[in-house]
Amino acid sequence: MSTVLPGTRAAEAQDVPRPLQQLLEQQDYLFRAVTRVGGGIVLAVMALVGLFLAGNGIGAIGEVGLGTFLTTQNWAPETNDFGIAAVLWGTVQIAAVALAVAMPLALGTALFITEVATGWLQKSLTSLIDLLAAVPSVVFGLWGAYMLQPNVVDFSKWLSTWFGWIPFLQVDGVDPGSPLRDTVPYTASAFIAGLVVAMMIVPIQTSIMTESFRRAPTGEREGAYALGATRLGMIGTVVLPFGRGGIIGGTMLGLGRALGETIAIYLIISPVYAINFHVLEKGANSIAAMIALKYSESNESAMGALMAAGLTLFVITMLVNITASAIMARSRSGAESEG
Amino acid sequence: MTMQSASGHALAVFDPPDGEALPDPLAGSDAAELDARAVSAWFGERKVLDRVSLTMAAGQVTALIGPSGCGKSTFLRILNRMHEMVPTASLAGQVLLDGSDIYDPGRRVTLARRHIGMVFQKANPFPAMSIYENTIAGLKLAGIKASRVEKDFLVEDSLRKASLWDEVKDRLHQPGGGLSGGQQQRLCIARSLAVSPRVLLMDEPCSALDPTSTRRVEETIASLRDQVTVVIVTHNMQQAARISDTCAFFLAAQNDPGAIVEHGPTEAMFNYPQDERTSDYVNGRFG
Ligand SMILES: Nc1ncnc2c1ncn2[C@@H]1O[C@H](COP(=O)(O)OP(=O)(O)OP(=O)(O)O)[C@@H](O)[C@H]1O
Ligand SMILES: [Mg+2]
């Protein structure tokens with residue numbers, strides 16, 4: 001027998017949310033304290049770096065004015081004629097080349113690892129990618145300058161000969177009809193620097209994408225196959241939508257790295273301080289490479305200018321990384337609530 | 001491929017010219033007989049099914065019953081070539097769809113699966129798609145182009161068959177993942193029906209559903225009788241008795257592969273079982 005309660009509400013009860021508190025166990029208290037300190041230190045370091053760059057750089061920017069700083073291409077702090085335009089352009093250009101090459105490569109590799117390879121091949125590829133991520137950038141730089149560049153300049157030349165009508169693939173100062181193998185104008189370009197940076201960011205992009213593709217649940221995969229999907233169809237309807245956050249996030253993290261890459265670019269480019277639209281042409285620059293190059297020969301005021309450049313880079317990479325993690329966090333929670 | 005509205009109801013689709021033995025799935029085809037012959041299955045070295053033969057008559061509902069782990073799901077997954085998705089899995093025997101073996105080397109797996117649809121225990125709508133897109137996902141996966149009108153028709157028709165239309169007709173373009181569990185399961189049924197399968201396999205489709213949703217799904221199955229051959233795995237004896245025409249009882253002794261102990265008309269299986277073990281199982285006196 002069930003008891004039927006009268007449908008009345010206790011009138012005397014206070015119908016307001018009551019405060020919820022719990023007594024923390026000693027262990028939890030300690031744990032919370034330790035994690036708080038850890039998190040606090042990370043935030044403090046970030047803030048200190050930002051403050052340091054701002055404190056040292058803003059003075060230099062103020063000297064020439066923000067507008068001039070952002071639009072001037074030359075870098076001559078001695079004569080107070082310096083600006084970020086050329087190196088910022090170069091940074092973006094190299095990063096764009098790197099991303100355009102690395103993104104499809106990483107996507108393909110990640111799909112191959114998760115969807116095609118099985119068994120030992122899958123395992124060894126995964127660890128190989130992680131290994132590649134651990135190769136220092138100076139090694140990549142040397143490899144790029146002495147191994148990749150001599151082999152890739154002919155491709156650069158071919159590209160500009162046949163696709164030179166696309167403005168940014170044009171290379172000035174060469175005679176395409178000349179029978180001599182003159183590849184010097186194609187060396188030390190943003191294109192080659194971008195290729196090397198691409199090789200450096202492929203591993204991180206691949207491993208983030210691989211991880212997100214693995215999360216695509218078996219149930220949905222089988223659902224697609226049971227409808228008569230081909231493997232490609234299944235990837236398109238299940239794996240890629242589930243992995244969208246990983247694709248975008250991985251790409252953006254790679255972009256963040258590409259923007260900040262220093263030594264590999266430094267070893268390859270021949271620095272110019274003018275906006276060069278031609279990616280295949282000799283002469284490029286990047287903020288980070290310029291700072292590395294100028295650092296040792298700078299006096300105090302030139303140092304301030306470099307700090308201003310560093311501040312610009314810091315702000316840009318912060319923005320890129322924050323966007324990346326926001327996208328990843330949002331799509332991850334979305335996938336979970338839907339799964 | 002092209003698609004035409006034939007007789008305003010069935011959607012006719014023409015096959016690519018390389019010639020398939022099977023008629024095309026969307027050609028308004030009828031229910032087909034499914035005949036499993038001496039099917040054995042292994043996971044690695046372990047044999048889990050031993051020479052199971054069962055004829056599932058066209059347009060009828062066949063229920064597979066039996067205790068947990070006796071190989072019902074494995075058998076069902078062999079019927080539409082999902083078994084081979086498990087890397088270590090292997091099998092022997094034949095599965096004949098209207099007389100021709102779906103494991104024939106010249107046969108395309110994708111086409112066999114489109115003819116023999118499957119609804120899983122856990123509802124698995126595609127989360128990135130709306131209800132509308134989910135329903136006709138099979139068309140997109142098969143690379144079939146359809147006009148807006150044809151799609152609209154197919155969506156409504158399939159959702160009605162799955163008795164979901166009234167609940168979702170005002171929010172067709174919202175995500176499929178936003179439905180309740182029971183609605184998601186019926187969406188998955190609609191999705192399977194949209195490609196006009198000749199056989200529909202269901203692996204415990206109601207085990208995660210409330211009584212009302214369960215009743216809805218059962219009504220759907222009843223309304224599909226004659227149009228589609230249904231093979232359903234269930235642990236619910238009343239359900240098996242309510243919805244099925246024939247019934248097959250699977251059993252696996254400890255560490256032995258599973259096999260069919262008894263099969264026949266549901267009526268007979270429940271009322272006059274020949275085998276004592278069947279009698280014990282259908283009357284709930286079993287392990
Ligand atoms: N992926 C797999 N790998 C290895 N063994 C498996 C796999 N799937 C199932 N098995 C084994 O095969 C046997 C049959 O499993 P199956 O899932 O077909 O049983 P079932 O009758 O569907 O059980 P239930 O009623 O619990 O769903 C079980 O012993 C199980 O352990
Ligand atoms: Mg099962």
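This is a predicted model: local features need pLDDT of at least 70, side-chain atom pairs count only at pLDDT 80 or more; totals for chains, interfaces and linings use all residues.
A crossing of two helices is called left-handed if the near helix is turned anticlockwise from the far one by less than a right angle, and right-handed if the turn is clockwise. Helix α4 of chain A, residues 119–133, and α6(A) have axes that come within 8 Å and cross at roughly 140 degrees. That angle makes α4(A) oblique to α6(A), because the roughly antiparallel class is kept for angles over 145 degrees. In handedness, α4(A) passes α6(A) in a left-handed crossing.

Helix α6 of chain A, which spans residues 190–214, also packs against helix α8 of chain A, residues 231–260, and here the axes come within 8 Å and cross at roughly 155 degrees. The helices α6(A) and α8(A) are therefore roughly antiparallel to each other, and α6(A) passes α8(A) in a right-handed crossing.

Elsewhere in chain A, attention turns to the surface. A nonpolar patch is formed there by Val138(A), Val139(A), Leu142(A), Tyr146(A), Tyr266(A) and Leu267(A), which together have about 550 Å² of accessible area. Two helices, α5 (137–163) and α9 (263–268) of chain A, each supply at least two residues of this patch, and α5(A) gives the most, with four residues. Tyr146(A) is a member of the patch that lies in helix α5 of chain A, and it counts as exposed because its relative accessibility is 67%, where the exposed class begins over 50%. As a general point about such helices, an α-helix has 3.6 residues a turn, so residues three or four places apart point the same way.

Charged contacts come next. Side chains of opposite charge can pair when their charged atoms come close. Arg186(B) forms a salt bridge with Glu167(B), the closest N and O atoms being 2.8 Å apart. Arg186(B) lies in helix α7 (residues 181–193) of chain B and Glu167(B) in helix α6 (residues 165–168) of chain B, so this pair ties together parts that are 19 residues apart in sequence. Arg186(B) counts as buried at 3% relative accessibility, whereas Glu167(B), at 27%, counts as partly exposed. Salt bridges that share partners also join Lys47(B), Asp50(B) and Arg51(B) into one network.

Two further pairs in chain B can be set beside these. The side chains of Arg37(B) and Asp35(B) meet in a salt bridge of 3.2 Å, N to O, in which Asp35(B) is buried with a relative accessible area of 10% and Arg37(B), at 42%, counts as partly exposed. Lys169(B) and Asp166(B) likewise meet through their side chains in a salt bridge, at 3.5 Å from N to O; Lys169(B) counts as partly exposed at 38% relative accessibility, while Asp166(B) is exposed, with a relative accessible area of 57%.

The buried residues in α1(B) are Lys72(B), Thr74(B), Phe75(B), Leu76(B), Arg77(B), Ile78(B) and Leu79(B). The helix α1(B) is followed by Arg81(B), whose phi is positive, near 60 degrees.

Note on methods
Residues are numbered from 1 along each chain as its sequence is written. Chains are lettered from A and ligands numbered from 1 in the order in which they are written. Side-chain values use heavy atoms; hydrogens and water are left out. Patches are made of residues with over 30% relative accessible area and no salt bridge: like charges are joined within 9 Å, nonpolar side chains (Val, Leu, Ile, Met, Phe, Trp, Tyr) within 5 Å. Accessible areas come from the Shrake-Rupley method with a 1.4 Å probe; for residues, only the protein chains shown count as cover. A salt bridge is a side-chain nitrogen of Lys or Arg within 4 Å of a carboxyl oxygen of Asp or Glu. Buried means under 20% relative accessible area, exposed over 50%, partly exposed in between (1.4 Å probe, protein chains only). Axes are lines fitted to C-alpha atoms, for helices over the stretch in contact, and angles run from 0 to 180 degrees between N-to-C directions. Angles under 35 degrees count as roughly parallel, over 145 as roughly antiparallel, 65 to 115 as roughly perpendicular and the rest as oblique.
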